[in-house]
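Hi everyone, thanks for making time this morning. I'd like to walk you through one structure, and you can follow along on the screen.

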Amino acid sequence: MSEVDIDTSSGESEREEAPKSLPELEDKIWAVLSFEDVIGSSLTYDEASEMIRVAETKRLSGLCVVTNDVAAKVRALGKNED
């Protein structure tokens, strides 16, 4: 595990071990939203991050990573507006 500095209220810093990864980040539970639509779903967090990098080169706005559950709700809301 890698170490990170954590500031304490006394102004000193402590060393705390940071986890190498969280299991949820490896699960295909992530989706990518733009202002316009859900642009990807059922991704690992790394895949979602890469999708955002690619989408930024295409000048898409409002990009964010959310869970698949949130993406499904956004899709449902979008269909109700039509």
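I'll start with the overall layout, then go through charges, one glycine, and a couple of backbone angles.

Before anything else, please keep in mind that this is a predicted model.

Okay, the layout. The protein chain has 5 strands and 3 helices. How much of the chain is buried? Of its 82 residues, buried ones make up 20%. The chain exposes about 6,300 Å², and 49% of that comes from carbon and sulfur atoms. As for contacts, take the ones between residues at least 6 apart in sequence: 35% of those join residues at least 24 apart.

Now, charges. How many salt bridges are there? The count comes to 2.

Let's take Lys28 and Glu47, whose side chains meet in a salt bridge at 3.0 Å, N to O. This pair links distant parts of the chain, with the partners 19 residues apart. Lys28 is in the loop between helix H1, which is 23-26, and strand S3, which is 30-33, while Glu47 is in helix H2. Buried, exposed or in between? Lys28 counts as partly exposed, because its relative accessibility is 48%. Glu47 has a relative accessible area of 33%, so Glu47 is partly exposed.

Then there's Arg53 with Glu50, a salt bridge where the closest N and O atoms are 3.1 Å apart. Here both residues sit in helix H2, 3 residues apart, so about one turn of the helix. Arg53 comes out at 46% relative accessible area, which means partly exposed. Glu50 is at 39% relative accessibility, so Glu50 counts as partly exposed.

Staying with charge: which residues make up the negative patch on the surface? They are Glu24, Glu26, Asp27 and Asp46. Asp46 belongs to helix H2, residues 45-57. Why do we call Asp46 exposed? Because its relative accessible area is 54%, and the cut-off for exposed is over 50%.

Next, the glycine. Gly40 is part of strand S4, residues 38-43. Is Gly40 buried or exposed? Its relative accessible area is 8%, so Gly40 is buried; buried here means under 20%. What does Gly40 touch? Leaving out residues up to four places away in sequence, Gly40 touches Ala31, Val32 and Met51. And if you want a distance to check on the screen, Gly40 and Trp30 are 8.4 Å apart, C-alpha to C-alpha, and 10 residues apart in sequence.

Last topic, backbone angles. Most residues other than glycine have a negative phi. With that in mind, look at Ser42: not a glycine, yet its phi is positive, about 55°. Ser42 lies in strand S4, and at 41% relative accessibility Ser42 counts as partly exposed.

Arg59 also has a positive phi, near 60°, and is a residue other than glycine. Where is Arg59? You'll find Arg59 in the loop between H2 and strand S5, which is 64-67. With a relative accessible area of 75%, Arg59 is exposed.

Note on methods:
Residues numbered from 1 in each chain as written. Predicted model: local features only at pLDDT ≥ 70, side-chain atom pairs only at ≥ 80, totals over all residues. Heavy atoms only, no water. Patch = residues over 30% accessible without salt bridge, like charges linked within 9 Å, V, L, I, M, F, W, Y side chains within 5 Å. Areas by Shrake-Rupley, 256 points an atom, 1.4 Å probe, with all protein chains shown as cover. Salt bridge = Lys/Arg side-chain N within 4 Å of Asp/Glu carboxyl O. Lys, Arg positive; Asp, Glu negative; His and termini not counted. Charge placed at Lys NZ, Arg CZ, Asp CG, Glu CD. Helix = DSSP H or I, 4+ residues; strand = E, 2+ residues; numbered from the N terminus. Buried < 20%, exposed > 50% of the residue type's maximum accessible area, 1.4 Å probe, protein only. Contact = heavy atoms within 4.5 Å.
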